[in-house]
Amino acid sequence: MTQPTTLGGRPLMPAPGAPTPELRVARFRPRATRLFWSAVVLIAVAGAVGYFFDNLREPFADWMLLSAAGAVVLLLVVLPFLSWWAQRYTITTRRVIARSGPFGRRRAELSHVRGYTVQLKRGILQRIGGGGTLVLSNGVDAPVRLRRIANVALVYEVLVDQVEVNQILAHRDSQSLTPPPLPS
């Protein structure tokens, strides 16, 4: 017996009771818009160091300039970049995983089968840029916030679709697999 072809790229439904592998649907990071000011600071520090190197007055030395520039770059460029880099969101066919924290790992998960509500929050500038924040809440655990997501409408649709498909599969698998008795 063959299964019908798919429409719209949706994967085929597995046979009832068959184990389904967990596949990654999407992995993404928050938008890097907050790193704009870090880039401005890096350019300004590079320009200032290039201008003032070997042009400082007598009580100051070049090593003072370089150490001050290094401290500014560390605090205002490297640490915000590491903070942004440490956040990652993953959507699989079974769950949503939000990881964050450059030094200590924080991880939050929500299962599609249990179901959850998806709330979309967008400001005026986020609407213009196509970004936003998604708040996922199942009513029991603390809500999971996916902040500063690019193309948030697409991610919203993917999450709603995954919840629907997983609940349909869970309902189908919970039904009895035995055929009804034949009438005699």
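Mentor: The account below begins with the whole chain, turns to the sheet, and ends with selected sites elsewhere.

The model is predicted, so local features are given only where pLDDT is at least 70 and side-chain atom pairs only at pLDDT 80 or more, while totals for chains, interfaces and linings use all residues. Residues are numbered from 1 along each chain as its sequence is written, and side-chain values use heavy atoms, with hydrogens and water left out.

The protein contains 4 helices and 7 strands; helices (H or I, at least four residues) and strands (E, at least two) are DSSP runs numbered from the N terminus. Read from that end, the order is β-α-α-β-β-β-β-α-β-β-α. Of the contacts in the protein with a separation of 6 or more, 51% are between residues 24 or more positions apart, a contact being heavy atoms within 4.5 Å.

The open sheet has 3 strands in the order β5-β6-β7, with antiparallel pairing. Because β5 (117-121) and β7 (144-150) are at the edges and each has a single partner strand, one side of each is left without a neighbour in the sheet. From one strand to the next, the twist averages 20 degrees. Two strands are taken to pair if DSSP finds at least two bridges between them; β5 and β6 (residues 131-137) are joined by 5 bridges and run antiparallel. Within this pairing, Thr117 stands opposite Ser137 in β6.

Helix α4 (residues 152-174) lies across β5, β6 and β7, and runs at about 25 degrees to β6. For such angles, axes are lines fitted to C-alpha atoms, for helices over the stretch in contact, and the angles run from 0 to 180 degrees between N-to-C directions.

The loop between β7 and α4 holds Asn151. This residue has a positive phi of about 55 degrees although it is not a glycine. Most residues other than glycine have a negative phi. Asn151 is partly exposed, with a relative accessible area of 47%; buried means under 20% relative accessible area, exposed over 50%, and partly exposed in between (1.4 Å probe, protein chains only). A positive phi, of about 65 degrees, also belongs to Asp54, again not a glycine. Asp54 lies in the loop between α1 (36-52) and α2 and counts as exposed, because its relative accessibility is 58%.

Over the whole protein of 184 residues, 24% count as buried. The protein exposes about 12,900 Å², of which carbon and sulfur atoms supply 64%; accessible areas come from the Shrake-Rupley method with a 1.4 Å probe, and for residues only the protein chains shown count as cover.

A nonpolar patch on the surface is formed by Val72, Leu74, Leu75, Leu76, Val78, Leu79, Phe81, Leu82 and Trp85, which together have about 770 Å² of accessible area. Patches are made of residues with over 30% relative accessible area and no salt bridge, like charges being joined within 9 Å and nonpolar side chains (Val, Leu, Ile, Met, Phe, Trp, Tyr) within 5 Å. A salt bridge is a side-chain nitrogen of Lys or Arg within 4 Å of a carboxyl oxygen of Asp or Glu. Phe81 belongs to helix α2 (residues 62-85) and is partly exposed, its relative accessible area being 37%.

Finally, Pro21 is in the segment before β1 (24-28) and counts as exposed at 58% relative accessibility. Leaving aside residues up to four places away in sequence, Pro21 touches Thr93 and Arg94. Pro21 and Thr93 are 72 residues apart along the chain, and their C-alpha atoms are separated by 8.3 Å.
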